[in-house]
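Keep the structure in view while reading, and find each residue as it is named.

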Amino acid sequence: MSPIVTAILVASNLGLIFLLMTVPLGLRTVRLTRLVAMDRQRLWQALWPLGSDAGWSGEILSAEAPDGEGVARITLSWEGRDGKPIERKSRFEDVVEGSRFSMRVIEDTALDASFWKDFREPPNSFRKATARG
C-alpha cells in the first residue's frame with residue numbers, strides 16, 4: 001500500500017475518532033427497578049436525601065433544607081478539588097411524601113454548573129407491591 005493511501009486512512013480514522021468523542025450523541029436515561037420487602041416509611045427515610053436514615057451508605061454526611069421552596073444543601077463524603085467535602089445545592093420536584101421525588105443539582109462545589117445544566121434524576125417512586133398468583 002502506498003504511503004499516501006496509508007496517510008489518508010490514518011487521517012480519516014483519527015478524524016472519525018475525534019468526531020465520535022466530541023459530538024454529543026444525546027441524553028442517556030438509566031432506569032433501575034428493585035422490589036424490596038420492607039416497611040415503606042423506613043425505605044422512604046433511607047432514600048429521601050432529607051430522611052432520618054439518608055446517611056446509611058456513608059455518601060451523605062448532612063442534608064438540610066434552609067428554605068421551604070424545595071431546595072436543600074447536601075454535604076457528601078467525597079472530597080472536592082479543595083480537599084473539603086463536596087456540597088451540593090439540589091432542587092426537589094414532584095415530591096409526594098412517602099411515595100416519590102425527583103431531584104436536580106443546581107450548584108456543586110466540585111463541578112461547574114454547566115455540567116449539571118441538563119442533569120435530571122428521574123423520579124424515584126415507591127410503589128406498593130402486589131402479590132401475583
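The structure holds four salt bridges, and since the model is a predicted one, the distances below should be read as values computed from predicted coordinates. In general terms, side chains of opposite charge can pair when their charged atoms come close.

| Pair | N to O distance |
|---|---|
| Glu87 and Arg73 | 3.9 Å |
| Asp108 and Arg88 | 2.7 Å |
| Arg100 and Asp94 | 3.1 Å |

**Charged pairs between strands**

The side chains of Glu87 and Arg73 meet in a salt bridge at 3.9 Å. Because Glu87 belongs to strand β3 and Arg73 to strand β2, this pair ties together parts that are 14 residues apart in sequence. Glu87 is partly exposed, with a relative accessible area of 32%, and Arg73 likewise counts as partly exposed, at 30%.

Asp108 and Arg88 form another salt bridge, with their closest N and O atoms 2.7 Å apart. Asp108 sits in strand β4 and Arg88 in strand β3, so here the parts tied together are 20 residues apart in sequence. Are these two residues buried or exposed? The cut-off for a buried residue is a relative accessible area under 20%, so Asp108, at 11%, is buried, and Arg88, at 18%, is buried as well.

**The hairpin of β3 and β4**

Strand β3 covers residues 85-96 and strand β4 covers residues 100-108; the two run antiparallel and are joined by seven bridges. Together they form a hairpin with three residues between them, and in the turn Gly98 has a positive phi of about 80°.

Which residue of β4 stands opposite Ser90? Across from Ser90 is Val105. Ser90 itself has its place in strand β3 and, at 1% relative accessibility, counts as buried. Leaving aside neighbours within four places in sequence, Ser90 is in contact with Gly70, Val71, Ala72, Ile74, Met103, Arg104, Val105 and Ile106.

**The nonpolar core**

The largest nonpolar core has 12 residues, namely Trp44, Trp48, Ala54, Ile60, Ala72, Ile74, Leu76, Ile86, Phe92, Phe101, Met103 and Ala110. Strands β2 (71-79), β3 and β4 each supply at least two residues of this core, and β2 gives the most, with three residues.

One member of the core, Ala110, is in contact with Gly80, Arg81 and Ile86 once its neighbours within four places in sequence are left aside.

**The helices**

Helix α2 spans residues 40-47 and holds Gln45. The buried residues of this helix are Leu43, Trp44, Gln45 and Ala46, and what covers them includes β3 and β4. Gln45 has a relative accessible area of 18% and is therefore buried. Apart from neighbours within four places in sequence, the contacts of Gln45 are with Gly51, Ser52, Asp53 and Ala54.

Helix α1, residues 3-22, includes Met21. At 69% relative accessibility, Met21 counts as exposed, and Met21 takes part with Val10, Leu14 and Ile17 in a nonpolar surface patch of about 430 Å².

Conventions:
Residues are numbered from 1 along each chain as its sequence is written. This is a predicted model: local features need pLDDT of at least 70, side-chain atom pairs count only at pLDDT 80 or more; totals for chains, interfaces and linings use all residues. Side-chain values use heavy atoms; hydrogens and water are left out. Two strands pair if DSSP finds at least two bridges between them. Helices (H or I, at least four residues) and strands (E, at least two) are DSSP runs, numbered from the N terminus. A nonpolar core is a set of buried Ala, Val, Leu, Ile, Met, Phe, Trp, Tyr and Cys residues joined through side-chain atoms within 4.5 Å. Buried means under 20% relative accessible area, exposed over 50%, partly exposed in between (1.4 Å probe, protein chains only). Contact means heavy atoms within 4.5 Å. Patches are made of residues with over 30% relative accessible area and no salt bridge: like charges are joined within 9 Å, nonpolar side chains (Val, Leu, Ile, Met, Phe, Trp, Tyr) within 5 Å. Accessible areas come from the Shrake-Rupley method with a 1.4 Å probe; for residues, only the protein chains shown count as cover.
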